Amino acid sequence: MLREVFISGTNCITPIGFDVAANIDNIVNGISGIEKHENNLMQNPYYAAVIRDSEVNTAFAKIASEDNYTKLEKLMILALYPIVSQAKSDFGVKTAFLLSTTKGNITALQDSNIENAQLTTLAKTVAGFFGFKAESIVVSNACVSGILAVSIAKRLIQANVYDEAFIVSGDLVSEFVLSGFNSFQAMSDLPCKPYSKNRTGVSLGEATAAVLMTSDKKNAKVKILGDGSINDANHISGPSRTGEGLFRSIESALKEANVKPNQVDYISAHGTATPFNDEMEAIAFNRLEMGNVPVNSLKGYYGHTLGASGLLETVIGIESVLRNRLFVSLGFDEIGVSQPINVISKNEDKEINYFLKTASGFGGCNTAVLFEKVK
Amino acid sequence: MEKKTYIKTYCIIENDKIVLDGKTVFENEASGFADFSKKAYQYFGVGYPKFFKMDNLSKLAFLGADVLLNGKIDPEKENDIALLFANKSASLDTDVKYQESISDKENYFPSPAVFVYTLPNICLGEISIRHQLKSENSFFIFDAFNPGFMADYANILIHTKKAGQVLCGWVEFFDEDYKAFLYLVSDEGQNEHNKQNLELLYNS
């Protein structure tokens, strides 16, 4: 008999709030973190959701006297801080620490500092702040990293390798990723518009999110019922036209949970607003006959926060579950995918018991995790 | 009682040499990874032109998977083989090259063909496409090969029926310094799959 696994603590640091409550207040009011920027990171003006350095430093000064951390390290520590403080764990070898990111401290390469650009250096810095003892587990699996870390932690706890896991996910908007997405001609010239007819691509964003996962039902917000992380085996820089990997990932999660597609109350999807991604998701959801399930993409509020997105969107999705409230898929106007999907167009009440989070990314990767409200 | 798992087959690539199940199957004079990987590609008759578009990390992982799986799986059938890979330097070998392409504003040439390889899990995509593995995949970063974690997670995938077999790999590449250790975990075989045996093989 495998153990049950729960999420009992959540937090996020984003351009629209430094805790979950502030983020939800802004989402309810339709406020996005995406703004126009003109600076030396790009030759032309661009839209992105960026956290102001001054706000980061002010918040960080309240919890630490030292300041020799990078922006990403501060944001990761700030995301974990309240959860770790509440947990009162002794952080033995049965406490896991997972960190997910795509590019970590990649800006260290501007100074040719290879050591600081290593992801294990970042993990050691954050783990060292809190005194985690077990070796850090770094997950770097493109844009599914954040939600994949939840799936991995759930499996490790289920199998008794650990009793609890702190997860932090984060990525920054840097010249490195801006120029890369721009070279793919994947950047939107306006704030991104997931699933809309006139969508033209992504807006990038930066954020960190953190959760505590545990086998202990006390203080549990949601239970993790099933998960899958299956590759398209089709293309390294574009999604499968048939949504094969996403279809199979969701199927795997539902099968494990013994939940039928029509029982799912809400999907927090990936919705990057590139033409191919959104179309692929619509196809995968329809293959599972989930075209009627209310779905949103939170990219309209946060932009695409890469390795953070899956965990950040899970943290917000959990609030939908706890509040029985669906949030608008910001930026959506006219349906722009070939298969019918039920994009949430106004904030509304709905009893949510089963919540599905999905993500897809470069390399053909996909992840789906199914959550259930804890009664 | 959970079923025992076994290391069915393994492959090590380092120092211009490929070793399969303890036997050297290919060796090249020390002339750098570009030449080594090309000669190995030719020697094994890989016949997959996309190989030459890959970055070093993907070439290393791809070659290891090809040598290991060749003749052991039927690509016409569904093969439920998960991919569980890890390394130390993520995609830094290519990250450094991409950074060079954007650091000089007078000589600014960011390329999507390079940028896509600035993610370590791309090599999993390459292997999945090659062998048509629509299966579980994940990429981890550790300071060094972590046999305890790898053994635990591979067993979890098999015991929870998320995968029939698991192709595991440590694929490290940075600045001409490389080592690949790939092995197939299965519920059949002779060599028991555990931390101690993985450590022995990794250092063999």
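Modeller: Let's start with a term: two strands pair if DSSP finds at least two bridges between them. This is a predicted model, where local features need pLDDT of at least 70 and side-chain atom pairs count only at pLDDT 80 or more, while totals for chains, interfaces and linings use all residues. Residues are numbered from 1 along each chain as its sequence is written, and chains are lettered from A and ligands numbered from 1 in the order in which they are written.

Biologist: What makes strand 5 of chain A and strand 5 of chain B a pair?

Modeller: There are 2 bridges between strand 5 (residues 137-139) of chain A and strand 5 of chain B, in the antiparallel sense. The rule asks for at least two, so they pair. In one of the bridges, Val139(A) has Phe140(B) as its partner. Strands here are DSSP runs of E, at least two residues, and helices are runs of H or I, at least four, numbered from the N terminus.

Biologist: How many residues does each chain put into the contact?

Modeller: Chain B gives 40 residues and chain A gives 40 residues, with contact meaning C-beta atoms, placed from the backbone, within 7 Å. Among the elements of chain B that each supply at least two residues are helix 3 (92-103) and strand 5 (137-141). The chain B side divides into 20 nonpolar, 13 polar and 7 charged. Ala, Val, Leu, Ile, Met, Phe, Trp, Tyr, Cys and Pro count as nonpolar, Asp, Glu, Lys and Arg as charged, and the others, Gly among them, as polar.

Biologist: And what does the predictor say about the complex?

Modeller: An ipTM of 0.97 and a pTM of 0.98. Chain B averages a pLDDT of 96, and 100% of its residues score at least 70; pLDDT is the predictor's confidence in each residue, from 0 to 100.

Biologist: Back to chain A: why is helix 1 called roughly perpendicular to helix 11?

Modeller: Helix 1 and helix 11 (residues 309-323) of chain A pack at about 75 degrees, with axes 11 Å apart. Axes are lines fitted to C-alpha atoms, for helices over the stretch in contact, and angles run from 0 to 180 degrees between N-to-C directions. Under 35 is roughly parallel, over 145 roughly antiparallel, 65 to 115 roughly perpendicular and the rest oblique, so helix 1 of chain A is roughly perpendicular to helix 11 of chain A.

Biologist: Which residues meet there?

Modeller: Val20(A), Asn23(A), Ile24(A) and Ile27(A) of helix 1 meet Val315(A), Ile316(A) and Glu319(A) of helix 11. That contact divides into 5 nonpolar, 1 polar and 1 charged.

Methods:
Two residues are in contact if their C-beta atoms, placed from the backbone, lie within 7 Å.
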